[in-house]
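Try each task before reading its solution.

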Amino acid sequence: MYFLSVRPGAASNDTVFLHEVTNTAKSGLGEHKLTVLTTNTNYGVPPTVFQPVVGFRLQTNDTRVLSATLHNNKIHYVQSTLVPSQLSSGVYHGIISDVSGNPTIEGEIISSETLDYAYPSLAFAGNDGADEHSMLITFSHVGESDFPGTSAVFHNKNEGSERLYSDVIMVKQGDSLIDAFVPDTAERWGDYTDIQRKYNEPGIVWLCGSYGDDNASNNVWIAKLKVENKLVKVNQLISYPNPANNSITVAAEFSESELVNIRLSDMRGKIVKQLENQQAEIGIAKFMFSTTGFASGAYVLSITNDKGDVLHSQKIVIE
């Protein structure tokens, strides 16, 4: 097992501690090995950050390592950090290579000129190939013109290649400021985020983020993300009610106008209902069909285009 620690209260530091616990406790042969690493990019405690309403700020706490994953002898990890050039809050993304041999480390800061980022988590988002190191990083965002919400960014770095980051996408925009916990001006916010890949479907991850809701509270947002050709897409399919009874309304977001097919299949893959050649316009399109007479149980609702590409897919339950 591997563990990471840093100097969480430092204004600026380049030290990362790699702890390794070998063997097992039961064997009596387990050892603790410590390797002290020096990063090429310093991290530091970020400042409290501003919300769109004057006088209301959010805590960023310290620079503890918040999330890490080991894949193909590399550890990717993330933490909040100071962005020195802007005196703002950003995400520190570190990579430790050759973990089991002679570890080396490099770091990079993900930041924005208009937004503060904090409380990151990351998950592997690629295939299991030896040269694959795709990661999805999620984090909280806020700005003087943007209420607190959840964002994500894709990263890939193969052996010998430069780092690649996608554009940051706003998964959930905030509805209001956060002013719910304490009567002062520095509220707690996004330190309950997480992200995890779907174990049997490469490129699919689920995240749990936070946002300011219309009650000025710190609420939870769950989203399904998909990586396709190094681009991140938010799954924007909603079917309701779910569980369904007599009918289902399907609302999905489309990036272009096209004809689509909507199919409802049982868990064996048999199509039990379909709507063919439905016109979907750019933006949110809604469709409705009856489920009267269907057997109770789980089904898969899918939307495909005329090329057979699956645009959206979701499991639903019919009562």
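Predicted model: local features only at pLDDT ≥ 70, side-chain atom pairs only at ≥ 80, totals over all residues.

Residues are numbered from 1 along each chain as its sequence is written, and side-chain values use heavy atoms, without hydrogens and water.

**Exercise 1.** Find the order of the strands in the open sheet that holds β1, β2 and β3.

Solution. 
- Strands are DSSP runs of E, at least two residues, numbered from the N terminus. Two strands pair if DSSP finds at least two bridges between them.
- The order is β1-β2-β3, with antiparallel pairing.
- β1 (2–6) and β3 (32–43) each have a single partner strand, so one side of each lacks a neighbour in the sheet.
- β2 (residues 13–21) pairs with β3 over eight bridges. Phe17 has Val36 in β3 as its bridge partner.

**Exercise 2.** Locate the residue with a positive phi in the hairpin of β16 and β17.

Solution. 
- β16 (residues 194–197) and β17 (residues 204–212) run antiparallel, joined by four bridges.
- Gln196 stands opposite Trp206 in β17.
- Six residues lie between the strands, and Gly203 has a positive phi near 90°.

**Exercise 3.** List the contacts of Ile262, leaving aside its neighbours within four places in sequence.

Solution. 
- Contact means heavy atoms within 4.5 Å.
- The partners are Lys273, Gln274, Leu275, Phe287, Phe289, Leu301, Ser302 and Ile303.
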